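Trainee: I have a new structure to get to know. Can we talk it through?
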Amino acid sequence: MADANGTLIKMEGVKKVFYTDEVETHALEEIHLEIKKGQYISIAGPSGCGKSTLLSILGLLDSPSGGSYWLNGQPVAELSTSERTRIRNREIGFIFQAFNLIGDLTVYENVELPLTYRGSGAAERKQKVQNALERVGMAHRLRHYPSQLSGGQQQRVAVARALVGDPLILMADEPTGNLDSKNGEAVMELLRDLHRNGATICMVTHDQRYANFADRSIHLFDGRITEETQEAHASA
Amino acid sequence: MGILWLDLRHALRQLRHRPGFTAITVLTLALGIGATTAIFSVVYGVLLRPLSYPKPEQIVRLWEVDPAGHRMNFAEPNFVDLRAASNSFAAITETGGDEVTVTGGAAPTRVNAAVVSQDFFKVLGVSPVAGRGFSPEDQRQGAAPVLLVSHAYWQQYLGGAPDLSRFKLVADNHVFSVIGVMPQNFSFPDNTALWVPRDFFPPDTSRTAHNWVVFGRLTDRASLPQARAELDAIAHRLKQQYGQDTDMSAASIIRLQDAMTAQVRPALFLLLGAVGFLLLVACANVANLLLAQSAARQRELAIRAALGADRHTLVRQFLVESFVLCGISGALGVIAARWGVDLLVALAPKDLPRLDSVSTNLPVLFFVLCLTILLSVALGIFTAVRATSGDVREALAEGGRQQISGPRSQRFGRTIVVAQLATTMILLVGAGLLGRSLLRVLSVDPGFRTEHIVTMDLAFPALDHALPELPSDAEKAARVHEIDELFARLRGVPGVESVAGGDTLPLVDNSVSNGGFLILRPGQQPQSIEDFEKLGHNPSITGYADYCVASDDYFRVLGIPLLRGRFFDGRDTLDAPHAALINEALARKRWPNEDPLGKTIEFGNMDGDLRLLTIVGVVGDARNRSLETRPDPTIYVDYRQRPMRTTSFIVVVRTAQPPASVIAAAREILRDIDPNLPPHFQTFAQVFASSLASRRFNLMLVGAFAAAALLLAAAGIYGVMAYSVARRTRELGVRIALGATAGDVLRLVLGQGLGTTAIGVAIGVAGSLALTGMIRSLLFGVSAFDPLTLAAVTLLLAAVSLFACWIPARRATRVDPLEALRYE
């Protein structure tokens with residue numbers, strides 16, 4: 001659960017440095033960020049500004065080189081790999097640009113995967129998978145393989161997979177990047193519906209149209225937050 | 001369990017969705033597992049499977065050991081003394097025997113008959129299944145002749161009749177009552193069909209006549225080292241007591257199973273080692289395939305990790321996949337092994353002991369299970385560790401693009417190929433050395449010819465059946481007459497050029513007798529065997545030689561040349577002075593600076609006839625025992641003068657006709673002369689080929705394993721190079737765009753492949769030098785470090801690698817720079 005004032009994510013002075021052949025690349029510098037429960041936040045910026053790096057750290061796929069990071073009130077910057085994996089599985093849902101569905105698994109099995117890793121029982125898994133797929137309108141394609149679906153349908157399944165474990169926050173990395181505008185709009189509408197129903201969403205996008213769907217927009221440039229705007233329809 | 005089930009389902013689906021990968025991987029592993037299992041079946045059946053007797057580990061074989069350290073069979077008085085003095089044995093027994101012609105059953109036949117002392121069956125823990133065993137009454141001098149028959153003989157020649165009392169069998173002119181039937185599959189020793197009590201024959205008195213094979217069963221308290229120490233002490237005491245009258249100064253004792261298999265052990269372990277290397281090469285190929293697969297699955301793994309799969313979960317998934325792959329391969333391997341075992345048993349040399357114990361039985365299946373589990377765990381962990389060590393974030397960042405492996409995984413793939421090439425090199429060198437050895441053996445001059453000769457192996461009744469009474473001259477003359485008649489009638493068969501015979505034939509197993517002889521002057525002839533033994537204490541007049549009975553044309557038929565003097569001829573009758581021919585080896589050894597012709601020698605210990613032999617000729621050396629063994633000193637006597645040792649007699653017929661027509665005619669003639677004399681026919685070329693059967697068998701298997709390994713290694717290096725070229729498409733496109741010619745690209749790719757080959761070959765050479773010493777005992781005329789073999793194998797491996805690299809290298813030269821750059 002979020003802390004008393006509803007803060008789900010808090011970063012202070014987070015930085016990320018990549019070392020390659022004695023060259024230091026400062027991907028992120030002095031990131032201060034707070035995301036409250038129920039917020040829909042977009043991270044925007046030009047290519048190479050550090051958006052995806054920030055999302056990776058937020059999603060515990062990577063760890064910061066410095067600074068502090070609290071998720072749901074728990075410091076997570078220096079957790080072990082296995083601890084990060086456990087939190088990722090239970091508290092974060094991912095939506096990727098390239099959908100990242102597993103080709104050898106059916107729609108049902110792809111969505112079931114986070115619950116399987118969590119060790120949920122079969123009956124619980126079945127019920128939650130069914131619910132998640134119904135929420136994204138894909139319950140009729142349970143036995144299909146990803147290759148049998150359109151791009152928009154695949155992304156819906158990916159959203160269902162992100163939702164199925166009831167995560168604290170959804171991390172979406174350019175969720176429309178591989179979709180045409182019609183399907184892109186549909187996915188964004190889906191995210192908006194989820195947000196309206198209480199989901200916390202953090203989305204990376206370089207498309208200003210989609211950034212406008214969020215309550216807050218953060219602009220990154222050269223690894224630093226240069227601007228933060230509240231959208232007119234903000235509900236927080 | 002639920003998650004394991006999901007992993008299993010996913011693994012099966014993975015394999016189904018990649019049929020090419022699955023088929024190649026499963027077939028490669030099945031080949032390795034099948035070949036290894038087939039060879040293990042033989043090794044287990046021959047070397048490891050316990051003998052089918054109670055407490056087989058207690059059964060031992062014993063030998064006398066002379067002061068020079070040579071092991072010998074026992075002389076009977078030594079055995080009797082040892083049996084009386086030893087406390088280590090619950091039972092101890094001596095056995096001898098020969099092939100005999102037996103009549104009285106459904107048809108005359110030739111079988112092995114064993115003469116066994118009391119406690120023989122107690123040592124083995126075996127009893128008759130019908131009738132009774134030998135009673136104390138049967139086991140005394142002068143008892144009524146009785147024998148036990150094998151189950152197979154009982155079934156085939158006695159109709160399996162329960163009433164044994166009506167059967168009388170005739171062997172060596174003695175009539176035996178059949179009193180019992182031994183259990184099915186019991187035929188110890190040496191495929192024996194009849195067992196006769198030792199006490200039916202008179203005892204041996206010589207302590208230097210090493211005629212008896214001795215076995216014992218240790219007591220529950222006695223260990224092998226204790227028994228060995230006790231036997232040595234007894235042997236030492238006997239030596240002190242009897243001095244030069246006994247050869248034994250120590251004793252040797254080893255477990256019976258080890259004794260039965262000692263000769264074939266190095267070859268079988270060579271084959272097991274070779275097939276183990278083949279399995280390693282197969283596993284290396286599979287590891288490379290799995291590595292490529294796991295590289296292609298990086299993105300999938302990254303997604304799983306992002307969704308919460310920890311490393312343990314991913315490793316488990318790989319293990320399940322590996323178990324499924326190896327399980328299917330193991331099952332196919334068992335099927336392949338069953339065929340392989342049938343093939344091996346059919347092709348194995350006849351002298352391979354315990355061949356009937358070879359099968360794909362429960363212990364072999366347990367071996368397959370263990371091997372499959374080991375491979376599953378090894379390949380699963382290997383793939384999992386390689387596949388799950390990547391960076392999740394990076395893999396996901398690749399987006400929808402096909403994920404490709406990094407330089408580290410390429411390096412690893414090349415390392416695997418290096419290991420493959422090194423292992424293949426060792427196998428090829430082993431096969432090369434065995435091949436060169438076979439060529440060397442075939443190029444040896446055996447001292448005789450093998451072409452156009454039919455052999456007819458006969459077993460006449462023994463003439464020494466009444467020992468110590470020697471046969472009368474009339475009995476000897478009758479035997480000579482029978483052989484002469486056979487020779488005469490065979491000469492009349494159309495197409496037969498010449499006919500001869502002897503008690504032995506070069507390269508026929510165990511057919512050569514040998515012993516000590518004396519060089520005496522005329523008039524010094526001993527009057528008894530005891531006199532002979534006393535004279536034998538003087539080393540200046542003694543020698544040791546093979547003793548062969550032969551007919552006058554024996555040397556002409558076999559092409560053994562006369563070097564001096566004359567062959568046997570019509571002058572050499574029973575009453576004439578007894579003539580001998582010696583071979584060049586004996587002439588050189590005993591009379592290096594003088595003419596041996598006219599010298600007289602005493603060799604009466606071989607057949608009881610103490611008349612001196614006068615050397616009338618010197619013949620060329622013949623490799624009697626094997627092509628690999630230098631000719632031993634040999635003394636030939638004329639069958640007309642010394643027919644005592646014609647019990648086993650091999651007739652040789654030189655003919656330009658097809659063997660089948662001569663054999664048919666010879667069979668008719670023999671049936672007419674003596675219907676109770678079953679012959680065994682072979683061409684001499686078959687005898688010659690049989691003598692090389694073990695060598696051919698080893699070469700065939702090691703060669704097959706090496707060829708398979710070479711194919712797999714070629715596939716391995718091709719795979720790695722093709723993968724490398726695919727990865728470097730853009731780089732190659734850039735190079736070509738910048739002006740690289742097809743030759744430059746070819747050199748670049750070939751250089752990389754040949755660099756890998758060079759490292760593999762260098763390690764393989766070092767490995768060969770380290771390991772081939774272990775097969776030295778199987779080599780002939782070639783060093784374990786033969787530079788020619790090493791050079792030839794290096795060239796072969798380099799050529800195969802070059803070809804395997806050339807195909808992807810050619811493909812690399814055809815990269816279209818525009819396509820390559822657009823692709824990226």
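Mentor: We will take the sheet in chain A, then the contact between the chains.
Mentor: This is a predicted model, where local features need pLDDT of at least 70, side-chain atom pairs count only at pLDDT 80 or more, and totals for chains, interfaces and linings use all residues. Residues are numbered from 1 along each chain as its sequence is written, chains are lettered from A and ligands numbered from 1 in the order in which they are written, and side-chain values use heavy atoms, with hydrogens and water left out.

Trainee: In what order do the 4 strands of the open sheet in chain A come?
Mentor: The order is β2-β1-β4-β5, with antiparallel pairing. Strands are DSSP runs of E, at least two residues, and helices are runs of H or I, at least four, numbered from the N terminus. Two strands pair if DSSP finds at least two bridges between them.

Trainee: Which strands stand at the edges?
Mentor: β2 (23-36) and β5 (74-75) of chain A do. Each has a single partner strand, so one side of each lacks a neighbour in the sheet.

Trainee: How many bridges join β1 and β4 of chain A?
Mentor: There are 5. A:I9 has A:L71 in β4(A) as its bridge partner.

Trainee: New topic. How many residues of chain B are in contact with chain A?
Mentor: 24 of chain B touch 25 of chain A. Contact means heavy atoms within 4.5 Å.

Trainee: How many salt bridges are there between them?
Mentor: The count is 3. A salt bridge puts a side-chain nitrogen of Lys or Arg within 4 Å of a carboxyl oxygen of Asp or Glu. One of them links A:E109 and B:R13, with the closest N and O atoms 2.4 Å apart.

Trainee: Which element of chain B gives the most to that side?
Mentor: α1(B), with 7 residues.
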